[in-house]
Amino acid sequence: MDQLSNLVISDKELLAISGMLAKLMQDTSASYVMLLDKSGQVIATQGQGNLQRDSTALGALLAGAFSSSRHVAELLGESDFKAIFQQGVHESIYTSLIADQWLLVTVFDKLTHIGLVKVLAKKASDELLRVLERVRTDSSRVREKVVNVQFRSSVEDTIDLLFRE
């Protein structure tokens with residue numbers, strides 16, 4: 001079962017992620033690029049127009065489409081689909097899975113070749129993975145600190161109650 005992620009992304013890491021998305025958008029001439037977690041929660045976007053305004057809805061719909069494609073893979077006896085390609089008359093969407101946790105979405109027009117998008121999205125995914133792994137590790141440390149502080153406070157309160165006169 002998929003779980004919602006609760007990453008804590010610093011400004012520095014978010015800036016790095018946004019820079020990687022901007023480079024992918026520029027190199028592929030894409031109109032829009034976004035990074036989601038598998039639940040559809042938008043982590044970062046680059047682009048303009050209506051998609052920017054509707055990024056939350058688009059993220060949820062694309063995550064749902066990706067999840068359903070994974071079930072199709074199971075029906076076909078495949079272990080998984082790592083990417084899906086949705087082709088429209090004017091625009092197309094290429095969605096690829098990063099480390100079984102995040103989705104990289106590239107929206108591009110009919111003038112851009114899908115092969116170019118696949119190659120550059122793979123390269124961007126590798127770079128994003130390094131940052132996202134660092135974010136995941138840092139988020140775990142933050143959670144442990146919070147638990148430790150809360151646990152310590154709870155224990156201290158309990159001891160105070162036991163020995164209160």
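Which strand does Gln-86 lie in? Select Gln-86 and you land in strand S3. Keep that residue marked; the tour comes back to it. One note before moving on: this is a predicted model.

**Whole chain**

Show everything as cartoon. The protein has four helices and five strands. Trace from the N terminus and the elements read α-β-β-α-α-β-β-β-α. Now colour by burial. Of the 165 residues, 35% are buried. Switch to a surface view: the accessible area is about 10500 Å², with 56% of that belonging to carbon and sulfur atoms.

Select the five strands. They form an open sheet in the order S2-S1-S5-S4-S3, and the pairing is antiparallel. Look at the edges next. Strand S2 (42–47) and strand S3 (83–87) each have a single partner strand, so one side of each lacks a neighbour in the sheet. From one strand to the next, the twist averages 10 degrees.

Zoom in on residues 32–37 and 102–109. These are S1 and S5, an antiparallel pair with six bridges.

H1 lies across S1, S2 and S5. Its direction is at about 40 degrees to S2.

What does Gln-86 touch, leaving out residues up to four places away in sequence? Show its surroundings: the contacts are Leu-62, Ala-65, Ser-92 and Ile-93. Gln-86 has 32% relative accessibility, so this residue counts as partly exposed.

**The loop between S4 and S5**

Select Ala-99 and Asp-100. Ala-99 sits in the loop between S4 and S5, and Asp-100 lies in that loop too. Check the backbone torsions. Ala-99 is not a glycine, yet its phi is positive, about 50 degrees. Asp-100 is not a glycine either, and its phi is positive at about 55 degrees.

Are these residues buried, partly exposed or exposed? Ala-99 is partly exposed, at 39% relative accessibility. Asp-100 is also partly exposed, with a relative accessible area of 39%.

**Last stop: a nonpolar patch**

Select Phe-151, Val-155, Ile-159, Leu-162 and Phe-163, and show their surface. Together they form a nonpolar patch with about 560 Å² of accessible area. Where does Ile-159 lie? Its place is in helix H4, residues 114–162. Ile-159 has 42% relative accessibility, which makes this residue partly exposed: the class runs between the buried limit of 20% and the exposed limit of 50%.

Notes: Residues are numbered from 1 along each chain as its sequence is written. This is a predicted model: local features need pLDDT of at least 70, side-chain atom pairs count only at pLDDT 80 or more; totals for chains, interfaces and linings use all residues. Side-chain values use heavy atoms; hydrogens and water are left out. Two strands pair if DSSP finds at least two bridges between them. Helices (H or I, at least four residues) and strands (E, at least two) are DSSP runs, numbered from the N terminus. Axes are lines fitted to C-alpha atoms, for helices over the stretch in contact, and angles run from 0 to 180 degrees between N-to-C directions. Contact means heavy atoms within 4.5 Å. Buried means under 20% relative accessible area, exposed over 50%, partly exposed in between (1.4 Å probe, protein chains only). Accessible areas come from the Shrake-Rupley method with a 1.4 Å probe; for residues, only the protein chains shown count as cover. Patches are made of residues with over 30% relative accessible area and no salt bridge: like charges are joined within 9 Å, nonpolar side chains (Val, Leu, Ile, Met, Phe, Trp, Tyr) within 5 Å. A salt bridge is a side-chain nitrogen of Lys or Arg within 4 Å of a carboxyl oxygen of Asp or Glu.
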